[in-house]
Amino acid sequence: NTLSNITWSAMLALGAALGGLVAGLFGVPVALIIDAASFLLSAWLIWHIQTAAGHRPTDQVSGWQDMVDGFRYVGQHLRTGLTASVKGATQIGSPDIMIAVYAAQLFPLGEGGAVSLGLLYAFGGIGAIAGPLVANRLNDGGIKGLQNGIAVAFGVVAAGWLLFGWAPSLPVAVGAMLLRHMGGSVNWTYSSVILQMRVPDRFLGRVFALDFAIFTLMTSLSVWVSGLLLDHSGLGPRQLAYAAAAGSLLPVIPWLWLNRNDPARERISAD
């Protein structure tokens, strides 16, 4: 799980840095053409993936029934449902909106702030790489350590937003995005690991589908609400970052309360 997350994070860091550099030096159209070519390369690589010959699902169940079964399982296992909400809860406050606004309005560097944008995304990617690597050295991989790591990571996300709101310069804002993505990456990785440890294989795919659905919904809402508040509420980007810091701490309360007497902490760790 850490390796999978680091792969995504490394490409975010590298792609953002290159995108900002190319857009800043050669203009946005050139960057978009190169980006389009990268998707064609991805399609070519996916086309050549080899799958096991003759592999077919053993049971034919409708997608609707799969979804219903997943919701039913989560409804009967509240801790699992809460874990499946961690990725979505981390999306309080939209980094995409805030990075774009900071790059264009507060710390513009390069054409239209393209270089600033690339730096903020790149260091966000570096933070996403560093988060799980640092956290993995501070716990034993048992479910108790993973749950505590998520609680701490929500605090790290809030600290990143707080620093981002205060940032007097681009280097400080870059450091704040690094910190925010460190916490977000820990939450992403550790919630996935806990689900894999806790959920029976026959339900795991359906629970992960719900996990990603919640994440996608919260990401979309966060982008929309952040833009709406910036345009119509009178809040500036710094005030919105402070609000994101406060909102990012809210999930810690139900997380700690529901996991306080989790019998799986000892059982799964022992297994």
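A helix, as the word is used here, is a DSSP run of H or I with at least four residues. The model described in this report is predicted.

**Helix 1**

Helix 1 covers residues 2-26, and Gly27, which follows this helix, has a positive phi near 100 degrees. With its 25 residues, helix 1 reaches 35 Å from its first C-alpha to its last, close to the 36 Å expected at 1.5 Å a residue. Its buried residues are Thr2, Asn5, Ile6, Ser9, Ala13, Ala16, Gly20, Val22 and Ala23. An α-helix has 3.6 residues a turn, so residues three or four places apart point the same way. The cover over the buried residues of helix 1 includes helix 2 (28-47), helix 7 (114-136) and helix 9 (170-198).

**Helix 6 and its partners**

Helix 6 (residues 95-106) packs with helix 11 and with helix 8, as the table shows.

| Partner of helix 6 | Axis distance | Angle |
|---|---|---|
| Helix 11 (residues 237-249) | within 11 Å | roughly 155 degrees |
| Helix 8 (residues 143-166) | 12 Å | about 20 degrees |

Angles over 145 degrees count as roughly antiparallel, and helix 6 is therefore roughly antiparallel to helix 11. The crossing of these two helices is left-handed. Met98, Val101, Tyr102 and Leu106 of helix 6 meet Pro237, Arg238, Leu240 and Ala241 of helix 11. Seven residues of this contact are nonpolar, none is polar and one is charged.

Angles under 35 degrees count as roughly parallel, so helix 6 and helix 8 are roughly parallel to each other. Helix 6 also passes helix 8 in a left-handed crossing. Here Pro95, Met98 and Tyr102 of helix 6 touch Trp161, Phe164 and Gly165 of helix 8. This contact comprises five nonpolar residues, one polar and no charged.

Note on methods: Residues are numbered from 1 along each chain as its sequence is written. This is a predicted model: local features need pLDDT of at least 70, side-chain atom pairs count only at pLDDT 80 or more; totals for chains, interfaces and linings use all residues. Side-chain values use heavy atoms; hydrogens and water are left out. The expected span of a helix is 1.5 Å times one less than its number of residues. Buried means under 20% relative accessible area, exposed over 50%, partly exposed in between (1.4 Å probe, protein chains only). Contact means heavy atoms within 4.5 Å. Axes are lines fitted to C-alpha atoms, for helices over the stretch in contact, and angles run from 0 to 180 degrees between N-to-C directions. Angles under 35 degrees count as roughly parallel, over 145 as roughly antiparallel, 65 to 115 as roughly perpendicular and the rest as oblique. A crossing is left-handed if the near helix is turned anticlockwise from the far one by less than a right angle, and right-handed if clockwise. Ala, Val, Leu, Ile, Met, Phe, Trp, Tyr, Cys and Pro count as nonpolar, Asp, Glu, Lys and Arg as charged, and the others, Gly among them, as polar.
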